[in-house]
Amino acid sequence: MNSHSAAAAFSRLFACACAALVALAGCGGGGGNPSIGASTPVASDPGTSTVPTPPTTPPPTPTPADAPDPILADYMSYQNLCAAPRTGLDAVGLSFPDRQGTLQDEMKFLRGWTDATYLWYKEIPSTVHMADYTNALDYFDALKTPALTASGRLKDRFHFTYTTAEWAALSNASQDTGYGLTWSINSTTAPRTWLAAIVEPGSPAATAGIQRGDLLAAVDGIDFIDTTDKDQIAKLNAGLSPDTAGEHHTLTMRRGDKTFDIALTSAVVTTTPVKNVKVIDTPTGKVGYLSFEDHNAVSELQLVNAFTTLKNQGATDLVLDMRYNGGGLLYIASELAYMVAGPVAAGKTFERAVYNDKTASDAPIPFRGTAYGFSAPAGSTLPSLGLRRVTVLTTPDTCSASEAVINGLRGVDVQVDLIGGTTCGKPYGFFPTDNCGTTYFTIQFQGVNAKGFGDFADGFAPTCTVSDDMAHALGDPAEGMLAAALSYRATNACPAASTARARAVPMHLARSQMKEIAIYPPRSR
């Protein structure tokens with residue numbers, strides 16, 4: 001399969017590289033739209049078992065008036081039966097599969113599909129009835145376990161939808177309309193602290209001179225930090241998340257004791273998931289470094305080129321910066337892990353999916369020694385460093401497929417040292433499923449490594465705790481996390497000052513849930 005056909009075949013199975021549209025709120029947090037940052041989960045997934053676990057509180061015993069809806073064995077026959085069928089062609093030029101149907105048909109499909117594939121299907125309350133819902137999205141939102149963990153958090157906090165057009169449009173191109181800025185934030189409610197975390201090279205933000213660590217103070221003259229006025233918040237959102245290219249807005253930024261205005265024009269920005277590839281000379285050898293932000297289609301070729309560069313420059317160690325990587329394609333994760341470990345891992349299990357008891361197991365994803373063909377030539381041999389030890393920079397924004405890289409390498413006895421913060425804790429994944437213009441995400445598997453381990457729902461704890469250093473550019477050897485990694489590599493001891501840099505207010509990236517997922521290829525692989 002060539003790279004174009006591979007990309008087209010998976011066009012709806014990628015973690016989009018677009019930035020989150022973060023809706024600000026005057027009080028009480030954001031709304032219920034799962035595509036906006038106000039509802040984006042960043043803490044650890046509370047589930048912990050490699051097999052489905054019972055709910056904390058048993059569901060109520062059904063009564064005749066409370067009998068569960070029937071679950072149809074032929075639910076697939078209802079797929080693409082739509083209350084409002086789409087017409088025309090999709091993003092890759094194919095006719096939509098929609099046929100005329102009803103809302104009831106859409107819900108019948110969702111109920112049957114959930115019962116067949118959801119990891120915790122036995123825990124869906126029998127009190128959820130189609131008749132009580134007037135749209136498919138609200139009905140789907142109810143089709144999940146209500147169980148709580150011992151800590152009191154919902155077991156399933158990663159159950160969401162996107163429009164299929166939104167899901168498909170930018171996944172291969174790594175493009176978004178905006179300024180090329182990704183924010184690290186404390187809150188969407190006042191008082192707000194938003195810092196520029198990632199500035200895309202060549203973007204409007206980079207051209208205008210915005211730097212990592214700059215603080216957002218105002219948008220189009222409206223106070224950003226403290227305003228709670230509804231109309232002003234709407235204007236803030238419009239300025240932060242422009243709908244189209246060519247919009248003009250002004251951001252007021254603070255850098256140290258200086259405040260300055262930046263005039264920006266929105267544009268279609270192509271993001272680069274692999275950045276800052278370099279070799280750092282140290283007294284004990286050459287250490288490769290790269291920052292990796294998205295396991296998407298275009299990252300495949302960029303990773304191949306990066307590891308080729310590091311190998312040709314003689315790197316004998318690696319610091320892999322995944323502090324902002326929320327996940328994506330697991331085939332990309334397996335290829336990355338192979339490029340770290342080399343032929344010693346070839347053919348071994350990278351990750352095996354544990355499904356519910358209705359779903360037959362399938363072959364595990366191996367450490368792939370050849371490119372799948374997302375953007376690199378299909379079947380081409382991957383470069384590798386052949387390392388038995390690697391250092392990974394992590395934060396709570398390190399999620400899902402990124403955690404699979406850590407877990408997969410540890411499964412074949414590669415020592416993985418983590419510098420930074422505890423990862424988000426998301427050992428679960430999805431088969432995104434389209435129906436009638438909506439792409440549905442329900443937890444369908446838990447990933448385990450070659451040793452059968454997948455219980456990292458509370459995240460992987462760091463070897464050395466170091467906060468994200470916004471005062472330095474990523475890849476700067478003086479940046480706090482990278483400096484700590486180089487120090488730990490030399491001494492096997494955490495720098496004494498590393499924990500002192502922790503922020504008083506926890507920060508996380510403003511991004512959508514589509515950026516924090518693990519995507520399996522189709523089961524027919």
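**Loops, sheets and cores**

Biologist: Where is the place of threonine 398?

Modeller: Helices (H or I, at least four residues) and strands (E, at least two) are DSSP runs, numbered from the N terminus. On that naming, threonine 398 sits in the loop between E18 and H9.

Biologist: And what kind of model is this, and what do the values rest on?

Modeller: Residues are numbered from 1 along each chain as its sequence is written, and side-chain values use heavy atoms, with hydrogens and water left out. This is a predicted model, where local features need pLDDT of at least 70, side-chain atom pairs count only at pLDDT 80 or more, and totals for chains, interfaces and linings use all residues.

Biologist: Is threonine 398 buried or exposed?

Modeller: Buried means under 20% relative accessible area, exposed over 50%, and partly exposed in between (1.4 Å probe, protein chains only). Threonine 398 comes in at 0% relative accessibility, so threonine 398 counts as buried.

Biologist: Which backbone oxygen lies 2.7 Å from a polar atom of the side chain of threonine 398?

Modeller: Start with what threonine 398 is in contact with (heavy atoms within 4.5 Å). Leaving aside neighbours within four places in sequence, the list includes Met322, Arg323, Glu403 and Arg511. A polar contact is a pair of N or O atoms within 3.5 Å; within protein, one must be able to donate a hydrogen and the other to accept it, and residues adjacent in sequence count only if both atoms are side-chain atoms. The backbone oxygen at 2.7 Å from the threonine 398 side chain belongs to methionine 322.

Biologist: Which residues is leucine 303 in contact with, beyond its neighbours within four places in sequence?

Modeller: Leucine 303 is among the members of the largest core that touch the most others. Its contacts beyond those neighbours are Val274, Leu290, Phe292, Ile332, Leu336 and Met339.

Biologist: How many residues of H2 are buried?

Modeller: Helix H2 covers residues 103-117. Its buried residues pack against strand E1 (81-82), helix H3 (136-142), E21 and E22, and they include Met107, Phe109, Leu110 and Trp113. H2 is largely enclosed by the rest of the structure, because the buried count is 12 of the 15 residues.

Biologist: Which residues of strand E22 are buried on its two sides?

Modeller: In a regular strand the side chains alternate between the two faces of the sheet. Strand E22 (residues 438-441) is covered on both faces: on one side Thr438 and Tyr440, on the other Thr439 and Phe441.

Biologist: Which residue stands opposite threonine 438 in E22, coming from strand E3?

Modeller: Strand E3 (residues 160-163) pairs with E22 in the antiparallel sense over four bridges. Opposite threonine 438 stands threonine 163.

Biologist: Which residue in the turn between E21 and E22 has a positive phi?

Modeller: Strand E21 (residues 433-435) runs antiparallel to E22, joined by three bridges. The two form a hairpin with two residues between them, and the one with a positive phi of about 60° is cysteine 436.

Biologist: What is omega for the cis peptide bond that joins alanine 190 and proline 191?

Modeller: Most residues other than glycine have a negative phi, and most peptide bonds are trans. Proline 191 lies in the loop between strand E5 (181-185) and strand E6 (194-199). For the cis bond from alanine 190 to proline 191, omega is about -5°.

Notes
Two strands pair if DSSP finds at least two bridges between them. A nonpolar core is a set of buried Ala, Val, Leu, Ile, Met, Phe, Trp, Tyr and Cys residues joined through side-chain atoms within 4.5 Å. The expected span of a helix is 1.5 Å times one less than its number of residues.
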